[in-house]
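Take a look at the model, and then we'll walk through it together.

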Amino acid sequence: MATGRPREFDVDERLDRALEVFWHQGYEGTAITDLTEAMGISRPSLYAAYGNKESLFHKAVDRYLDGPARHIRDAVEAPTALAAAECLLRGGATVATTIPGRGCLVVQGALATGANSESARLELISRRRAGELSLRARFEQAKADGELPAEIDAADLARYIAIISYGISVQATGGATREELDRAVDVALRAWPVAPAPSATA
């Protein structure tokens with residue numbers, strides 16, 4: 001029985017190359033020829049290994065969240081709610097400034113797109129929403145544990161941290177340095193709500 005020829009390239013390594021192109025140029029600014037040239041493979045090989053451009057973009061976003069932006073997923077595993085917020089914000093500052101002017105793929109990758117790129121824009125909206133919901137659940141747990149004040153709305157707090165995170169990416173694309181972003185994070189975290197200490201019993 002005949003078998004297909006084995007691929008002559010590392011699928012994950014070439015996916016990393018595609019990620020770099022999408023991260024640098026955005027979804028709509030990236031053409032298939034940009035991808036094939038960067039990945040060093042033919043158009044038929046790209047389609048066979050990754051599907052179309054949209055499918056490749058989804059895989060690249062997964063790769064981004066598992067690699068450079070792992071802090072987004074790690075944040076909810078932090079030991080405290082404050083540590084979760086700090087992990088998300090400082091991790092975002094690190095990733096967004098690794099290459100000057102690039103920002104965060106999940107924030108910047110498909111902000112403005114035409115009709116043909118709408119699916120990519122919606123995909124990133126979905127990813128950002130999922131991250132915010134995970135953070136909300138982490139803050140709900142912190143309320144139940146008495147770490148956050150009972151009157152704090154976990155959804156509002158998660159949205160606040162997400163907005164700061166998005167702002168970090170936008171500022172980074174405008175040239176803000178890691179040090180400048182870290183100072184902004186310091187200011188944001190100084191406003192962190194703290195649950196009152198339990199009253200002493202007689």
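## What you're looking at

This is a predicted model, where local features need pLDDT of at least 70, side-chain atom pairs count only at pLDDT 80 or more, and totals for chains, interfaces and linings use all residues. Residues are numbered from 1 along each chain as its sequence is written, and side-chain values use heavy atoms, with hydrogens and water left out.

## The overall fold

The protein has 10 helices and zero strands. (Helices, H or I with at least four residues, and strands, E with at least two, are DSSP runs numbered from the N terminus.) Along its principal axes, the C-alpha trace spans about 80 × 45 × 30 Å.

## What the record says

The UniProt annotation "domain: HTH tetR-type", from an unreviewed entry, covers residues 8–68. That span is 74% helix and 0% strand, with its end C-alpha atoms 26 Å apart.

The unreviewed UniProt entry also marks residues 31–50 as "DNA-binding region". Here the chain is 80% helix and 0% strand, and the end C-alpha atoms lie 15 Å apart. Keep in mind that such annotations may be inferred rather than shown by experiment.

## A helix pair: H6 and H8

Now find helix H6 (residues 81–98) and helix H8 (residues 118–144): their axes come within 9 Å and cross at roughly 155°. Axes are lines fitted to C-alpha atoms, for helices over the stretch in contact, and angles run from 0 to 180 degrees between N-to-C directions. H6 and H8 are therefore roughly antiparallel, the word for angles over 145 degrees.

On the H6 side, the contact (heavy atoms within 4.5 Å) uses Ala81, Ala84, Ala85 and Leu88, while H8 brings Leu135, Arg138, Phe139 and Ala142. Seven of these residues are nonpolar, none is polar and one is charged. Ala, Val, Leu, Ile, Met, Phe, Trp, Tyr, Cys and Pro count as nonpolar, Asp, Glu, Lys and Arg as charged, and the others, Gly among them, as polar.

## The largest pocket

The largest pocket holds about 410 Å³ of space. A pocket is an open set of points on a 1 Å grid where a 1.4 Å probe fits, with protein on both sides within 12 Å along at least five of seven lines; lining residues have an atom within 4 Å of a point. The volume is the space filled by probe spheres set on the points.

Its lining counts 26 residues, with Ile72, Leu88, Arg127, Arg128 and Gly131 nearest the centre. H8 gives the most, seven residues. The lining divides into 16 nonpolar, six polar and four charged residues.

Definitions and conventions
Angles under 35 degrees count as roughly parallel, over 145 as roughly antiparallel, 65 to 115 as roughly perpendicular and the rest as oblique.
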